[in-house]
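Hi there,

Here is the structure I promised to pass on.

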Amino acid sequence: MHALLSAFAPIWTLTAIGYAVGRSGLLGEQAEAVLGRFVFHVAMPAALFTMVSGARPAAFANSSMVAFAAGTALVCGLGFVAAGRLFGRGTADRAIGSMASGYVNSANLGIPVAVQVLGDASFVAQIILFQVLLVSPVILTLLDTGTGTGAGSGKGVVVRRMLTMPVRNPIIMASLLGVVVSALGLRLPHALAHSGDLLGAAAVPTALITLGLSLNSRPATGGPTDHTEPAESTVRTKRAEVIVTVALKTLVQPLIAFVVGGPLLHLPDHQLMAVVLCSALPTAQNAFIYAQQYGLDTRVARNSVVASTVVSMATLSLATWVLGTTGP
């Protein structure tokens, strides 16, 4: 429990600081939007490029990643379907629901949890690559398709937007450039690499500050269908959607990972522990940043990040107790 508290403390602290700054009005009314754009267009691409360019993408081709990927794919699919069938969301909002249901907070929470509970963060590095190189492009493609209908109509427009999205999206572009640099075995000059490290290091804390800013009393950004529902009905619907999303993230995803990794793949105990523990991590704040930058309803993403972070304290502790702690 002490290890988990130590891992969660920075998240709560920075989010609380963001909330306090927002309440004080210190940074002005546009702070949330400006910081969100900084994270999405500058800091996060720098962090992803630095990480991917120094790693080997083939590292996640193993049985443990199969179990984790199965849980992620199934839960993201369930989140996408639930957002549409149960709550009537469009493609873009369903993509955010999918991401909030299955995209784990692998960097700023997964690494300290893995180090302190498992004694080794190597599996988390594989998860980061998997989410950056495979999950994020799918989510961003759905977001781009779902929010780009106003730019034109017809299949040709949709196909053109999908084909040009890597050029227009800084996160995918940075990831692809990182893959190219890694595949070619290139080494950036020290000054340039260090500059990228410094800039990328700003992504997580700034995203958490931005999340805290969004928790102030003024309403979060609403989606395009908000005006069609009474306010009380909207609140109830959003609350139900968050409950479903958090349940998928903190309960269903680790259970699927356990079933696939245990009875189906017969992973060794320490590998099964790593898969289940990482699957039980809460929703990454990226879901909130993506919703904000695509002009979508941020309430479900924001509340899912906060609620799943609180609930995951219990699920992570339960996973650790049931499966037992192991060394590296």
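Predicted model: local features only at pLDDT ≥ 70, side-chain atom pairs only at ≥ 80, totals over all residues.

Residues are numbered from 1 along each chain as its sequence is written, and side-chain values use heavy atoms, with hydrogens and water left out.

The structure has two cavities of 30 Å³ or more. A cavity here is a set of points, on a 1 Å grid over the protein atoms alone, where a 1.4 Å probe fits but cannot get out, and lining residues have an atom within 4 Å of a point. The second largest cavity holds about 50 Å³ of space, the volume being what probe spheres set on the points fill. Its lining includes F87, E241 and L248. At least two lining residues come from each of α3 (63–85), α4 (91–102) and α11 (231–264), and α11 gives the most, with four. Helices are DSSP runs (H or I, at least four residues), numbered from the N terminus.

H266 sits in the loop between α11 and α12 (269–279). H266 is not a glycine, yet has a positive phi of about 55°. H266 is exposed, at 60% relative accessible area (exposed is over 50%, buried under 20%, with a 1.4 Å probe and protein chains only).

T206, in helix α10 (residues 203–214), is buried at 13%. T206 touches L35, F38 and V39, leaving aside residues up to four places away in sequence (contact is heavy atoms within 4.5 Å).

Best wishes

How values were computed. 1 Å grid on protein atoms, 1.4 Å probe; cavity = no way out; pocket = protein on both sides within 12 Å on 5 of 7 lines; lining within 4 Å.
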